[in-house]
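Please look over the following structure with attention to its fold, its helices, its cores and its strand pairing. A short briefing follows, grouped by topic.

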Amino acid sequence: MMGEAIKAVSRAAGGNDDHEDLRGVAIYGGEGPQHLLSELTFAATNRYLVAAYGPNLRVADGITVQGELLAVVPVASLKAFLEAVPKYEPGVLTVDKEAQTLTINGSEPIAISTKIKYPPVFRLFPNEPTPKDATLTDIAIRGKVIKALASIVTAQKGAELNLRAIKRTIPTMAGTIGDVQILVSVGSA
């Protein structure tokens, strides 16, 4: 279950985006180096859509999270990360910020990023994504959002997509795809 959710979240990570720090999955948790995998929140973004999975998410208010950014798992490290996720037991994730690695249940070290400035994905995002008059119906934006949504739905094995508009000053939608919660926006907070 955890592995499937992380795979689904990772589908929203930026692909050929010109922002290096978007090409990965953010891990949020509490203080200290060790954390139960089941207590962590995972998120990724492509500048138009945020996908997240974790125990502290509330779609009703837009996506929110408790906890600090522990690390970002680059796309290049996701395969090793997913292979280390235990299938049938709670895993313990240990972050080594000095070595820029993490381990799960004593796995081989997995390369992460802890020093980059990852975007604040749990508020309306991004800050300067498109022209000020952009909307979610613009063809270029819609294509990027639909591609990410379709990829997440596929990763969730065809889970139902539920989206609803949020009354805000900029075009925003929140919802769920299976167990993954999403926030779509084209403006800044």
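Which pattern of helices and strands does the protein follow when read along the sequence? The pattern is α-β-β-β-β-β-α-β-β-β-α-β-β-β, made up of three helices and eleven strands, where helices (H or I, at least four residues) and strands (E, at least two) are DSSP runs numbered from the N terminus. The model is predicted, with local features needing pLDDT of at least 70 and side-chain atom pairs counting only at pLDDT 80 or more, while totals for chains, interfaces and linings use all residues. Residues are numbered from 1 along each chain as its sequence is written, and side-chain values use heavy atoms, with hydrogens and water left out.

- Among the contacts in the protein with a separation of 6 or more, 62% are accounted for by residues 24 or more positions apart, contact meaning heavy atoms within 4.5 Å.

- Helix 3 (residues 139–155) has 17 residues and reaches 24 Å from its first C-alpha to its last, close to the 24 Å expected at 1.5 Å a residue, the expected span being 1.5 Å times one less than the number of residues.
- Ile-141, Val-145, Ala-148, Leu-149, Ile-152 and Ala-155 are the buried residues of helix 3. Seen down the axis of helix 3, these buried residues fall within an arc of 120°, so they line one face of the helix; the arc is that of the directions from the helix axis to the C-beta atoms.
- The face of helix 3 turned away from the buried side carries the exposed residues Ile-139, Ala-140, Lys-147 and Thr-154, and just after the helix Lys-157 takes a positive phi of about 60°.
- The packing partners of the buried residues of helix 3 are helix 1 (2–10), strand 4 (49–53), strand 9 (161–165), strand 10 (172–177) and strand 11 (180–185).
- Helix 1 is mostly covered, with seven of its nine residues buried, namely Met-2, Gly-3, Ala-5, Ile-6, Ala-8, Val-9 and Ser-10; these pack against strand 1 (24–29), strand 3 (41–45), strand 4, helix 2 (78–84), helix 3 and strand 11.

**Nonpolar cores**

- In the largest nonpolar core, which has 43 residues, Ile-27, Phe-42, Leu-49, Phe-81, Leu-93 and Leu-102 touch the most other members; a nonpolar core is a set of buried Ala, Val, Leu, Ile, Met, Phe, Trp, Tyr and Cys residues joined through side-chain atoms within 4.5 Å.
- The largest share of this core, six residues, comes from helix 3.
- A second, separate core of 15 residues includes Ala-26, Val-72, Val-121 and Leu-183.

**Strand pairing and loops**

- An open sheet of four strands has the order 2-6-7-8 with antiparallel pairing, two strands being paired if DSSP finds at least two bridges between them. Strand 2 (34–36) and strand 8 (110–111) stand at the edges, each with a single partner strand, so one side of each is left without a neighbour in the sheet.
- Strand 6 (residues 92–96) and strand 7 (residues 101–104) run antiparallel and are joined by four bridges, with Leu-93 standing opposite Ile-104 in strand 7.
- In the loop between strand 6 and strand 7 lies Gln-100, whose phi is near 55°, a positive value in a residue other than glycine; Gln-100 is partly exposed, with a relative accessible area of 21%.
- Asn-105, in the loop between strand 7 and strand 8, has a positive phi of about 50° although it is not a glycine, and counts as partly exposed at 40% relative accessibility.
- Strand 9 pairs with strand 10 in the antiparallel sense over five bridges, and Leu-163 stands opposite Gly-175 in strand 10.
- Six bridges join strand 10 to strand 11, again antiparallel, and these strands form a hairpin with two residues between them, where Gly-178 in the turn has a positive phi of about 60°.

Notes: Buried means under 20% relative accessible area, exposed over 50%, partly exposed in between (1.4 Å probe, protein chains only).
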